[in-house]
Amino acid sequence: MNKKQKKVLTRIIIAFVLFVILFILEHGGVLEGVPHPLLMPIIFLIPYLIIGYDIILKAARNIRNGQIFDENFLMMIATFGAFAVAEYLEAVGVMLFYQVGELFQSYAVGKSRQSISEMMDICPEYANIEENGELIQVDPDEVEIGTIIVVKPGERIPLDGIVVEGESLVDTSALTGESVPRRAANGSEIHSGCVNGGGTLKVQVTSTFENSTVARILELVENASSHKAKVENFITRFARYYTPVVTIGAVLLAVIPTLFLGDFTVWLQRACIFLVISCPCALVISVPMGFFGGIGAASKYGILVKGSNYLEAMSEMTTIVMDKTGTLTKGEFKVVEVYSASLSKDEILDIAAHAEGYSNHPIAASIREAYAQSISVERVRDTEEIAGHGIHTFVDGREVWLGNEKLMNEKGIDYSLVTGTLKSIGTVVFLACEGKLAGAIVIADSIKEGAAQAIGRMKQLGVKKCVMLTGDNKATAVAVAKELQIDEVCAELLPQDKVSKVEELLNAKAGKEKLAFVGDGINDAPVLTRADIGIAMGSMGADAAIEAADIVLMDDDIQKISTLVNISRKTVRIVKQNIVFALGVKLIVLILGALGIANMWAAVFADVGVSVLAILNSMRTLGTDYK
Amino acid sequence: MKKKFKMEDLDCANCAAKMEDLIRKIDGVNEVSISFLAQKLTIDADDARFDEIMKEVQAACAKIDAECKVLL
């Protein structure tokens, strides 16, 4: 509890004691002996002011500022009303009850805010740099690229970098949700926000703090609350009308029945009940808090959600479109077969490796790996990458075309010799030298562990359609799809085809249903933006994809998607429960109050009591094990 | 220019929404969002008048809840 809350608590205790004394006195008939009738309100005014003076002050100040429909003002009017009808004990009691509720509410909000921010407490406070043989602590903001920093055992890694000395196990759970620590030694890349294990590491910094993993994640999570979900927007709009409507209702309730039936006191009392219930606080707090909690829970599993709207959309997701390479498969390509047509196998690898020398495409990397010798850049010139097709370049002065069937067809190179003779299924890269087929290389990728379970679980959760898109050839695509039980496959797509395919699927789904696209980011940015929900792989994905994506899976594990569906559904369910519960209770108390059945106590419960319960309910989004 | 500010003693969520409404009406403010949970104000406003705008923002917040402060 903070200072402010403690002060309120003391006032509550004092007022409560006085309230009990007055309650006993009144019920014991002692107060009937008060000599002057005006003395009664004055006696009750003492505890009333002790507990409610700040409310009255705030109300007065807000009226001066032109803010009339404010909670404090309404509480003041309501309790003054009770004084006016000589229900002194009720005036004090209601104010007391209201303050207790407010205290609870502020305590609950504080607690939940704390637990959410603790979960996101991945921000490093300092970095150690060595100066004249001594370690000094500096602000991570001030460290420049290339500086060597020292990370001691147990410290949080302040900046992204490459280990240059030392060995340790690094706990990445704050970023990825993965509990098994990762080994870091000379040459390994490490991310800020992770916690160092038992060894001291010297790390060469590769990015400024502003661009580091941890700063980017914090930025995303903090901005998440500005992307509001539909439900949140609805509540904001609703809140704007709710208070005036209920207040006008209160005025009407005080005036109209009195004109026909008389008995102003009774109707004034009932109108006061309306005023107490007129704050939409329960909704305004609990709905965003539910989403905030859901986003927090997701981040605990290494899933970054960039806005409540995406979490909400995730609960309605029925179509999932996945990229093959890097998403369903490991993206670690290996040369499994080399077919020689006019050149020897070694020559084929040699030329292919040089032709791909500049490319960062995974296929290129695998060819270079199979070649296993260093690339001499001067042998290659005029390299041109043709997206979705391959490469055109000159190696040792010879014109080289390296790519898929489409490229060969386009260039009129006959490759019929190869078709049907290859033993392995995989991506076939054809190599043509001076317009003639030299050979072919087969590269295969392996399916990620857990990919099949991931798809199985998504189907269990009611995802209607699983689609796989790939630029790869049909045979490979179909083989992967069969193993993973994917419903629909589209192979041999160019990057732009992926967008149009996703658009087609977007049109095909019914009304509220949502489509998610999952990709590792290479060439994916346009599709990620186009889909209702774009999910990118964080650890090996491209920066552009993480920018374009709405949700990022930090550890590239697609099993997390079903976890996220669970989190989103639970969040939305809790938010809806809160809306129904809060509005339901308020409505019932309003009706009962108008009929004279509900009293002021019920009204205060419908206001702050409901708030507290809704907040506690919202916090459930944080706690559960969603696995 | 987009900037973030911490807020102190922002006690009621409804007030945060009202503050947003008021701030949005200030001349030169392109976008504003107040997170009651993070106790943070994110504002995107014209560079030229930024300091002036922030003064108006503070006044707007004080108008809704006198105890709440924007820490500049």
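**Chain contact, domains and a helix pair**

The contact takes 19 residues from chain A and 15 from chain B; two residues touch if their C-beta atoms, placed from the backbone, lie within 7 Å. This is a predicted model: local features need pLDDT of at least 70, side-chain atom pairs count only at pLDDT 80 or more, and totals for chains, interfaces and linings use all residues. Residues are numbered from 1 along each chain as its sequence is written, while chains are lettered from A and ligands numbered from 1 in written order.

**Side of chain A that touches chain B**
- α4 (88-119), α7 (230-261) and α9 (281-300) of chain A each supply at least two residues. Helices are DSSP runs (H or I, at least four residues), numbered from the N terminus.
- α9(A) gives the largest share, 6 residues.
- By class, this side has 9 nonpolar, 6 polar and 4 charged residues. Ala, Val, Leu, Ile, Met, Phe, Trp, Tyr, Cys and Pro count as nonpolar, Asp, Glu, Lys and Arg as charged, and the others, Gly among them, as polar.

**Domains of chain A**
- Domain 1 spans 127-220 and domain 2 spans 334-444; the bounds come from an automatic or database domain assignment.
- Their C-alpha centres lie 39 Å apart.

**Helices α2 and α3 of chain A**
- α2 (residues 39-64) and α3 (residues 71-84) pack at about 150°, axes 8 Å apart. Axes are lines fitted to C-alpha atoms over the stretch in contact, and angles run from 0 to 180 degrees between N-to-C directions.
- α2(A) and α3(A) are therefore roughly antiparallel (over 145 degrees).
- Residues in the contact include A:Ile55 and A:Ile56 of α2(A), and A:Phe73 and A:Met76 of α3(A).
- This contact has 9 nonpolar, 4 polar and 1 charged residues.

Definitions and conventions. Parallel < 35°, antiparallel > 145°, perpendicular 65-115°, else oblique.
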